[in-house]
Amino acid sequence: MKNLSLLTALALSLATATALGQSFTGVVSDAMCAKNPAKASSAAHAACAKKCIKMGSPAVLIVDGKVYPVSNPDKLTAYAGQKVTVEGTLAAGTLTVKSVKD
């Protein structure tokens, strides 16, 4: 019984931590260019990411080759092409940004 209580408490604490937010460090790109994550996260691609976001392609975050769509991409627009650390929550594969640090 003690083990079950301990396991339940641990599971609840992990669920709470996930709901409170996570930290993601990656490169801000745009949805169209992120189809090729290796190219989109290169330093040479920064100008293109800025241009594409300005033209309406939503901002995304690329972390270790994985592309995260963002529910509130306007929070990342100013960081196009930059490596940033994002605090936010991840639900159903979509990142909701709470804060951004460059």
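Exposed means over 50% relative accessible area, buried under 20%, and partly exposed in between, using a 1.4 Å probe and protein chains only. This is a predicted model: local features need pLDDT of at least 70, side-chain atom pairs count only at pLDDT 80 or more, and totals for chains, interfaces and linings use all residues. Residues are numbered from 1 along each chain as its sequence is written, and side-chain values use heavy atoms, leaving out hydrogens and water.

**Helix α3**

- Helices (H or I, at least four residues) and strands (E, at least two) are DSSP runs, numbered from the N terminus.
- Ala 46, Ala 49, Cys 52 and Ile 53 are the buried residues of α3.
- Down the axis of α3, these buried residues fall within an arc of 130 degrees, so they line one face of the helix. The arc is taken from the directions from the helix axis to the C-beta atoms.
- An α-helix has 3.6 residues a turn, so residues three or four places apart point the same way.
- The buried residues of α3 pack against β1 and β2. Contact here means heavy atoms within 4.5 Å.
- Helix α3 (residues 46–54) lies across β1 and β2, at about 85 degrees to β1. Axes are lines fitted to C-alpha atoms, for helices over the stretch in contact, and angles run from 0 to 180 degrees between N-to-C directions.
- Gly 56 follows α3 and has a positive phi, near 115 degrees.

**The sheet**

- Five strands form an open sheet in the order β3-β2-β1-β4-β5, with antiparallel pairing. Two strands pair if DSSP finds at least two bridges between them.
- The edge strands, β3 (66–69) and β5 (94–101), each pair on one side only.
- From one strand to the next, the twist averages 50 degrees.
- Strands β1 (residues 22–30) and β2 (residues 59–63) run antiparallel and are joined by four bridges.
- Ser 29 stands opposite Val 60 in β2.

**The cysteines**

- A disulfide is a pair of cysteine sulfur atoms within 2.5 Å. By this rule, the count is zero.
- For the sulfur of Cys 33, the closest cysteine sulfur is that of Cys 52, 3.8 Å away, which is too far for a bond.
- Cys 33 counts as buried because its relative accessibility is 17%.
- Cys 52 is buried too, with a relative accessible area of 16%.
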